[in-house]
Amino acid sequence: MENELLYGGVVVVRYMIAYPQFTSPTYFPFLDHMNQYYQAKAQRLADYCQTRFFSDAVANYEEAKANQFPFHAHDLQQNFVITMNMNCIVSLYLDTGTYTGGANGTTSRTSDNWDVINEWVFSLGELFPTDRFYESYVKELIIVEIEHQMKNGTSIYFADYKALVNEYFDPRNFYMTPLNLVVFFDEMTIAPHSSGIVTFELPFVEGPIRPKNC
């Protein structure tokens, strides 16, 4: 889905919304459900662009015009990456970037992890079948990795990163690759804006982490 919205002959909003679609003769009924889910999600985002996002852009346009400031069209783009599609497991994330003027835009990420055979979205806890305290274990691994990166000078984090990891860790914010569990944090939660969305790859061969199997 993509469109340009005009106000007074001026483009004030641009949006492009990409979303995944799946096909397979084996799992067709549930894949059709998944496809409808992503279509509906994309349509809700398009509706937002045509209403609230558009009205905010018009207000900014009128303010810029009144003050003889340059106006930059508001922009929204959604893209997706399928990180794993093996047997009955589909793991992916969607990034939605918005720009409404100023020096920087913002990007938010959501993820979905599907068990196609059992027809559900599985949780992070299902990757830790022997550890009911898995959240503490994951956060400890992340803090160790942060300290390693800071020691090597490869990444920058806020000074109170330990408290921030505990505050902003969200067990819904993960996806899988064939080799790793990947946990992510939103922009400006544990690191500066320049770091973007921060990810941590936790190999399945370590500790109690187990890959999701059919």
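This is a predicted model: local features need pLDDT of at least 70, side-chain atom pairs count only at pLDDT 80 or more; totals for chains, interfaces and linings use all residues.
**Ground rules.** Local features need pLDDT of at least 70 and side-chain atom pairs count only at pLDDT 80 or more, while totals for chains, interfaces and linings use all residues. Residues are numbered from 1 along each chain as its sequence is written, and side-chain values use heavy atoms, with hydrogens and water left out.

**Entry: helix α1.** I began with α1, which runs over residues 28-50. Helices here are DSSP runs of H or I with at least four residues, strands are runs of E with at least two, and both are numbered from the N terminus. Helix α1 has 23 residues and reaches 32 Å from its first C-alpha to its last. That is close to the 33 Å expected at 1.5 Å a residue, where the expected span is 1.5 Å times one less than the number of residues. I then looked up burial (buried is under 20% relative accessible area, exposed over 50%, partly exposed in between, with a 1.4 Å probe and protein chains only). Among the buried residues of α1 are Phe30, Met34, Tyr38, Leu45 and Cys49.

**Entry: helix α4.** Which residues of α4 are buried? In this helix, residues 161-168, they are Tyr161, Leu164 and Val165. They lie on the same side of α4, because they cover an arc of only 105 degrees around the axis; the arc is that of the directions from the helix axis to the C-beta atoms. I checked what these buried residues pack against, and found α3 (134-152) and β8 (180-185).

**Entry: Phe185.** I moved on to strand β8, where Phe185 is placed. Phe185 counts as buried, at 1% relative accessibility. I listed its contacts (heavy atoms within 4.5 Å), not counting residues up to four places away in sequence. Phe185 touches Ile142, Val165, Tyr168, Phe169, Ile190, Ile197, Val198 and Phe200. From Phe185 to Phe169 there are 16 residues in sequence and 7.0 Å in space, C-alpha to C-alpha.

**Entry: Asn173.** I found Asn173 in the loop between α4 and β7 (174-176). Is Asn173 buried or exposed? Asn173 is buried, with a relative accessible area of 12%. Leaving aside neighbours within four places in sequence, Asn173 is in contact with Ser111, Val182, Val183 and Phe184.

**Entry: salt bridges.** I used one rule: a side-chain nitrogen of Lys or Arg within 4 Å of a carboxyl oxygen of Asp or Glu. How many salt bridges does the rule give? The count comes to five, and I looked up three of them, as follows.

- Glu4 and Arg14 form a salt bridge, with the closest N and O atoms 3.2 Å apart. Glu4 is in strand β1 (residues 2-7) and Arg14 in strand β2 (residues 10-17), so the pair ties together parts ten residues apart in sequence. Glu4 is partly exposed, with a relative accessible area of 45%, and Arg14 is partly exposed at 37%.
- Arg109 and Asp95 meet in a salt bridge at 2.7 Å, N to O. Arg109 is in strand β5 (residues 106-115) and Asp95 in strand β4 (residues 89-99), 14 residues apart, and the pair links distant parts of the chain. Arg109 is buried, with a relative accessible area of 12%, and Asp95 is buried, at 18%.
- Arg172 and Asp170 meet in a salt bridge at 2.8 Å, N to O. Arg172 counts as exposed at 63% relative accessibility, whereas Asp170 is buried at 18%.
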